[in-house]
Amino acid sequence: MSTTTHSVSRRCIDWRAAQAAAAAACAAAEAEGLRINVAVVDSGGVLAGFLRMLGAFLHSVEISIDKAYTAASFGLATSQWPKILAGDEALRLGLPLRPRLVVFGGGLPIVEADGELIGGIGVSGGSAAQDEACARAGLA
């Protein structure tokens, strides 16, 4: 009889950390006079936390979620996509057509000190640079 298992364990961000990250991102936005939506997803891309500041753009709700999903699914900042896509015409033409893929700044992977990816954070409501700065505040 085989004792081989066919599953793996995977760590992911918990709700307390997700809410703390979202709150920190909102605090950074507030300090800059911005109104944002911020989403935190777990390592599987499932929404773990979300905050919407009063007055934030409604379309930015889904954009923030998709930024977090993109960052978690690829393990890289969404702001890196223009450089990646610039080097490959097939990628540039096809990949951005994928549902939920965001190829501009504001999404960051959440990585533990030991290098394990545990989620993603996405911010939408300001410029791509402002969104990424707020997301970095959430990571801090």
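Mentor: Welcome! Leaving aside neighbours within four places in sequence, S60 is in contact with N37, S124 and G125. Keep in mind that this is a predicted model.

Trainee: Where is S60 placed?

Mentor: S60 belongs to helix α2, which covers residues 59-74.

Trainee: Why is S60 called buried?

Mentor: Buried means under 20% relative accessible area. S60 has a relative accessibility of 5%, so S60 counts as buried.

Trainee: What makes the pairing of S60 with S124 a polar contact?

Mentor: The cut-off for a pair of N or O atoms is within 3.5 Å. The side chains of S60 and S124 make their polar contact at 3.0 Å.

Trainee: Which backbone nitrogens lie by a polar atom of the D131 side chain?

Mentor: There is the backbone nitrogen of G125, at 3.4 Å, and the backbone nitrogen of G126, at 2.8 Å. Leaving aside neighbours within four places in sequence, D131 has contacts that include I36, K67, V123 and S124.

Trainee: Which residues meet where α1 and α5 are in contact?

Mentor: From α1 come A21, A24, A25, A28 and A29, and from α5 come C134, A137 and G138. By class, this contact has seven nonpolar residues, one polar residue and no charged ones.

Trainee: What makes the phi of R100 worth a look?

Mentor: Most residues other than glycine have a negative phi. R100 is not a glycine, yet has a positive phi of about 75°. You can find R100 in the loop between α4 (89-94) and β3 (107-111).

Trainee: And why is R100 called partly exposed?

Mentor: Buried stops under 20%, exposed starts over 50%, and partly exposed is in between. R100 has a relative accessibility of 33%, so R100 counts as partly exposed.

Technical notes:
Residues numbered from 1 in each chain as written. Predicted model: local features only at pLDDT ≥ 70, side-chain atom pairs only at ≥ 80, totals over all residues. Heavy atoms only, no water. Helix = DSSP H or I, 4+ residues; strand = E, 2+ residues; numbered from the N terminus. Buried < 20%, exposed > 50% of the residue type's maximum accessible area, 1.4 Å probe, protein only. Polar contact = N/O pair within 3.5 Å; in protein donor to acceptor, adjacent residues only side chain to side chain. Contact = heavy atoms within 4.5 Å. Nonpolar A, V, L, I, M, F, W, Y, C, P; charged D, E, K, R; others polar.
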